[in-house]
Amino acid sequence: MLELLQAHHGLGGRDLAQRLGVDERTVRRYAARLAELGIPVAAERGRYGGYQLTPGYKLPPLMLTDDEATAVVLGLLAGRRLGLAADATEATLAKIRRVLPATLREQVGALEETLDFTLAERAMPTPASRAVLTLATAIRDRRRVTLRYRSWKGAQTERELDGHGLVFHSGRWYVTGHDHRSGELRTFRVDRISSVAPGTASYEIPEESDPVRQVTASLAQVPYAHIVEVILHVPLAEASRRIPPSVATLTETPDGVHLRTRAESLDGMAAMLAGLGFPFTILSPQELRTAVRRLAQRLLERTSE
């Protein structure tokens with residue numbers, strides 16, 4: 001809407017609605033939002049009325065050096081690959097291209113066409129930007145929020161949360177904090193939050209709070225078909241370098257490192273354990289022993305071919 005108002009002296013509500021693909025009520029809401037952002041939009045009623053920017057108002061130009069423009073574009077391209085706000089990324093790239101000088105726009109275009117990543121592109125659900133921003137502001141200000149949340153089973157619940165932090169992990173956004181419904185420290189996927197409203201109650205975040213550790217530990221406890229427990233006969237420091245907290249829980253014991261995790265496929269778990277290169281003892285389930293022997297037999301057969 002702002003771009004249309006900059007390009008035209010004035011536009012009627014119906015005309016704006018058609019160009020934007022929304023109804024006139026939404027246009028009025030957009031105008032109010034622009035005013036909240038400090039952009040003076042004048043609205044005139046009547047047959048020949050409409051919307052226009054206050055005469056003489058100009059947006060400050062976006063001034064970027066070559067290095068700054070390159071940094072912005074690289075950040076957006078990396079964000080798109082990681083799954084960070086993919087929809088907004090395309091629109092932002094288009095706007096950046098429009099304001100760049102012709103030579104720099106050509107060079108940035110060449111960068112987009114030739115740059116590739118070793119990291120596979122992620123097609124993950126993207127949470128609403130408003131939810132992310134509202135949660136971030138509430139956590140910074142230590143304000144309790146009320147949120148509507150949909151579980152992985154589809155159940156809708158309302159919860160009061162004292163947020164501790166936002167974490168972006170493997171293409172998804174998570175928020176951690178004290179959940180008053182369960183009375184426990186919990187982790188929630190932000191893309192499953194349908195609404196979030198800040199309240200007036202305040203709180204303090206415990207000094208020992210570690211949102212990243214909380215998220216990775218929660219992911220390691222996600223329910224799967226099999227609970228796997230193995231003793232790795234290596235020091236804890238060495239095991240920790242190879243096995244991230246989101247994959248398994250590692251605990252030092254007199255016999256070695258106790259690994260506890262969950263798996264859908266025991267054949268896949270056997271391959272993971274073999275790939276670590278550590279000596280290990282299987283505690284449970286007993287079927288994992290069969291899967292390991294099956295893997296060993298397949299490797300022997302391929303070696304002899």
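**Sheet and core organisation of the predicted model**

The protein comprises 11 helices and 11 strands. The structure is a predicted model, and the values reported here were computed from it. Of its 305 residues, 33% count as buried. The accessible surface amounts to about 18900 Å², with carbon and sulfur atoms contributing 52% of it. Among contacts with a sequence separation of 6 or more, 60% involve residues 24 or more positions apart.

An open sheet is formed by five strands, arranged in the order β6-β5-β4-β3-β7 with antiparallel pairing. The edges of this sheet are β6 (184-189) and β7 (193-202), each of which pairs on one side only. From one strand to the next, the twist averages 45°. Strand β5, spanning residues 172-179, is joined to the antiparallel β6 by six bridges. In this part of the sheet, G177 is placed opposite R186 of β6. Helix α7, residues 129-141, lies across β3 (143-150), β4 (156-169), β5 and β7. The helix runs at about 85° to β4.

In soluble globular proteins, nonpolar side chains tend to be buried together. In the present model, the largest nonpolar core contains 21 residues. Those with the most contacts inside this core are V228, L232, I243, L273 and L288. At least two core residues are supplied by each of β8 (226-232), β10 (256-263), α10 (266-276) and α11 (287-304). The greatest contribution comes from α10, which provides five residues.

When neighbours within four places in sequence are left aside, V228 is in contact with L259, R260, T261, A263, L266, M269, S284, P285 and L288. A225 is located in the loop between α8 (211-220) and β8. With neighbours within four places in sequence again excluded, the contacts of A225 are with A263 and E264. The C-alpha atoms of A225 and L266 are 9.2 Å apart in space, while the two residues are separated by 41 residues in sequence.

Note on methods: Residues numbered from 1 in each chain as written. Predicted model: local features only at pLDDT ≥ 70, side-chain atom pairs only at ≥ 80, totals over all residues. Heavy atoms only, no water. Core = buried A, V, L, I, M, F, W, Y, C linked by side-chain atoms within 4.5 Å. Buried < 20%, exposed > 50% of the residue type's maximum accessible area, 1.4 Å probe, protein only. Helix = DSSP H or I, 4+ residues; strand = E, 2+ residues; numbered from the N terminus. Contact = heavy atoms within 4.5 Å. Pairing = 2+ DSSP bridges. Axes fitted to C-alpha atoms, helices over the stretch in contact; angles between N-to-C directions. Areas by Shrake-Rupley, 256 points an atom, 1.4 Å probe, with all protein chains shown as cover.
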